[in-house]
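Please read them with the structure open.

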Amino acid sequence: MNPTIFPPALRPITASDNPAIAAVIREVSAEYGLTADKGYTVADPNLDELFQLYSQPGHAYWIIEQDGKVVGGGGIAPLSCSEPDICELQKMYFLPTIRGQGLAKKLALLALDHARQNGFKRCYLETTAFLKEAIGLYEHLGFEHISEPLGCTGHTDCEVRMLKTL
């Protein structure tokens with residue numbers, strides 16, 4: 001008899017999610033060769049404390065959980081060193097088992113709605129050309145490619161920069 005597979009649930013991050021989502025981010029980063037020495041998210045000093053980071057005003061992070069296991073997540077936060085009306089879509093990572101189910105789109109739309117409700121007028125993101133599926137999603141959501149980086153994210157090797165008016 002097969003165990004019941006529950007559909008993935010999307011919910012706000014809790015403190016107990018910190019180790020699991022950090023592990024997801026590290027696993028997906030390794031899958032794509034996104035190493036800490038190149039300034040990717042795995043180098044973020046707050047990686048093991050995402051609940052605390054995203055509990056600040058204007059910040060939010062959501063977890064995707066399936067069968068009691070954290071399998072992905074993504075968040076939104078004010079863009080550092082930037083104009084106060086610009087937020088950043090951040091740390092969107094999903095294990096292979098849940099890709100292709102529309103969950104990244106659902107999470108991104110939730111994050112953009114949250115940004116609008118918090119008074120942001122534009123949303124920025126950085127990614128890398130290795131993540132073709134992600135870029136396709138962002139383009140579908142109305143993000144436009146821009147040539148220069150905004151803010152001070154520290155992601156020096158994220159050569160794809162995009163901006164969306166909310």
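1. Which element gives the most to the lining of the largest pocket? β4 does, with seven residues; strands are DSSP E runs of at least two residues, numbered from the N terminus. The model is predicted, so local features need pLDDT of at least 70 and side-chain atom pairs pLDDT 80 or more, while totals for chains, interfaces and linings use all residues. Residues are numbered from 1 along each chain as its sequence is written, and side-chain values use heavy atoms, without hydrogens and water.

2. The lining of the largest pocket comprises 24 nonpolar, 13 polar and seven charged residues. Here Asp, Glu, Lys and Arg count as charged, Ala, Val, Leu, Ile, Met, Phe, Trp, Tyr, Cys and Pro as nonpolar, and the others, Gly among them, as polar.

3. One disulfide (cysteine sulfur atoms within 2.5 Å) turns up in a search of the whole structure. Its partners are C81 and C152, with sulfur atoms 1.8 Å apart. The S-S torsion is about 60 degrees, so this disulfide is right-handed.

4. C81 is exposed, at 61% relative accessibility, and C152 is partly exposed, at 38%. The classes are buried under 20%, exposed over 50% and partly exposed in between, with a 1.4 Å probe and protein chains only.

5. C87 is buried at 0% relative accessibility. Its sulfur lies 3.7 Å from that of C123, the closest cysteine sulfur, which is too far for a bond. C158 is also buried, at 6%.

Conventions:
Helix = DSSP H or I, 4+ residues; strand = E, 2+ residues; numbered from the N terminus.
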